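Me: I've got a model open and I'd like to learn how to read it feature by feature. Can we go through it together?

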Amino acid sequence: MSRNPERKYRVVTSFQRWIGNPLLKRLPIQTLLETTGRKSGLPRRTPVGGRLAGREFWFVSEYGARSQYVRNIQADPRVRVRVRGRWYTGTAHVMPEDDARARLKSLPRFNSAAVRAMGAGLTTVRVDLTD
């Protein structure tokens, strides 16, 4: 499947949209990113794997600017992140200049392996937390 990146993208994102994300969002321990839909204005919650580092939350988007939540961040960077059951508000920054593969080494191992295996166009995102 890796020979055809467009097909891989469609398969992975379809699985995430219809199966993976609806199940993961229900888990109380799952880290969630809440953005505001750029067209609808409604809250959109997406499971992510990342890590708190002081007053920042770091994660890597599998498909960079093709990810819907990255597009939502670019339209409105105000987000909320649920980590270990607690919600934090903050401002997200898409960081294409950051080495996403190197960043994955500092993030949770299982999620990082999945992002490396499934993703293309990896992009780092930093959320500056305000509370």
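Me: Leaving aside its neighbours within four places in sequence, which residues is arginine 126 in contact with?

Reply: Keep in mind that this is a predicted model. Beyond its sequence neighbours within four places, arginine 126 is in contact with Glu56, Phe57, Trp58, Thr91, Ala92, His93 and Met95. Arginine 126 itself belongs to strand β7. Its side chain also makes a polar contact of 2.8 Å with the side chain of aspartate 128.

Me: Does arginine 126 count as buried or exposed?

Reply: The cut-off for buried is under 20% relative accessible area. Arginine 126 comes in at 17%, so it counts as buried.

Me: Which strand is joined to β7 by six bridges, and in what sense do they run?

Reply: That's β6, residues 86-95, which runs antiparallel to β7, residues 123-129.

Me: What does valine 127 touch, not counting residues up to four places away in sequence?

Reply: Valine 127 touches Arg55, Glu56, Phe57, Phe59, Val79, Val81, Gly90, Thr91 and Ala92.

Me: How should I think about the nonpolar core?

Reply: The general idea is that in soluble globular proteins, nonpolar side chains tend to be buried together. Here, the largest nonpolar core has 15 residues, and those with the most contacts inside it are Leu33, Phe57, Phe59, Ile73 and Val127. At least two residues of this core come from each of β4, α2, β5, β6 and β7. Apart from it lies another core, of eight residues, with Trp58, Val60, Leu107 and Leu122 among them.

Me: Now the sheet. What is the order of its seven strands?

Reply: Read across the open sheet and you get β2-β1-β5-β6-β7-β4-β3, with antiparallel pairing. The edges are β2 (43-47) and β3 (50-53); each has a single partner strand, so one side of each has no neighbour in the sheet. From one strand to the next, the twist averages 30°.

Me: Next, the helix. Which residues of α2 are buried?

Reply: In general, an α-helix has 3.6 residues a turn, so residues three or four places apart point the same way. In α2, the buried ones are Tyr69, Val70, Asn72 and Ile73. Look down the axis of α2 and its buried residues fall within an arc of 160°, so they line one face of the helix.

Me: Which strands do those buried residues pack against?

Reply: They pack against β1, β2, β4, β5, β6 and β7. The helix, residues 68-75, lies across those strands and runs at about 50° to β1.

Me: Let's finish on β1. How far apart are leucine 32 and valine 83, in sequence and in space?

Reply: They are 51 residues apart in sequence, with 7.1 Å from C-alpha to C-alpha. Leucine 32 is in strand β1 and is buried, with a relative accessible area of 2%. Leaving aside neighbours within four places, its contacts include Arg45, Thr46, Val81 and Trp87.

Me: And where is threonine 31 placed?

Reply: Threonine 31 is in the loop between α1 (5-25) and β1. Threonine 31 is also buried, at 13% relative accessible area. Outside the four places on either side in sequence, it touches Thr46, Pro47, Val48, Phe57, Val81, Arg82 and Val83.

Methods: Residues are numbered from 1 along each chain as its sequence is written. This is a predicted model: local features need pLDDT of at least 70, side-chain atom pairs count only at pLDDT 80 or more; totals for chains, interfaces and linings use all residues. Side-chain values use heavy atoms; hydrogens and water are left out. Two strands pair if DSSP finds at least two bridges between them. Helices (H or I, at least four residues) and strands (E, at least two) are DSSP runs, numbered from the N terminus. Axes are lines fitted to C-alpha atoms, for helices over the stretch in contact, and angles run from 0 to 180 degrees between N-to-C directions. Contact means heavy atoms within 4.5 Å. Buried means under 20% relative accessible area, exposed over 50%, partly exposed in between (1.4 Å probe, protein chains only). The arc is that of the directions from the helix axis to the C-beta atoms. A nonpolar core is a set of buried Ala, Val, Leu, Ile, Met, Phe, Trp, Tyr and Cys residues joined through side-chain atoms within 4.5 Å. A polar contact is a pair of N or O atoms within 3.5 Å; within protein, one must be able to donate a hydrogen and the other to accept it, and residues adjacent in sequence count only if both atoms are side-chain atoms.
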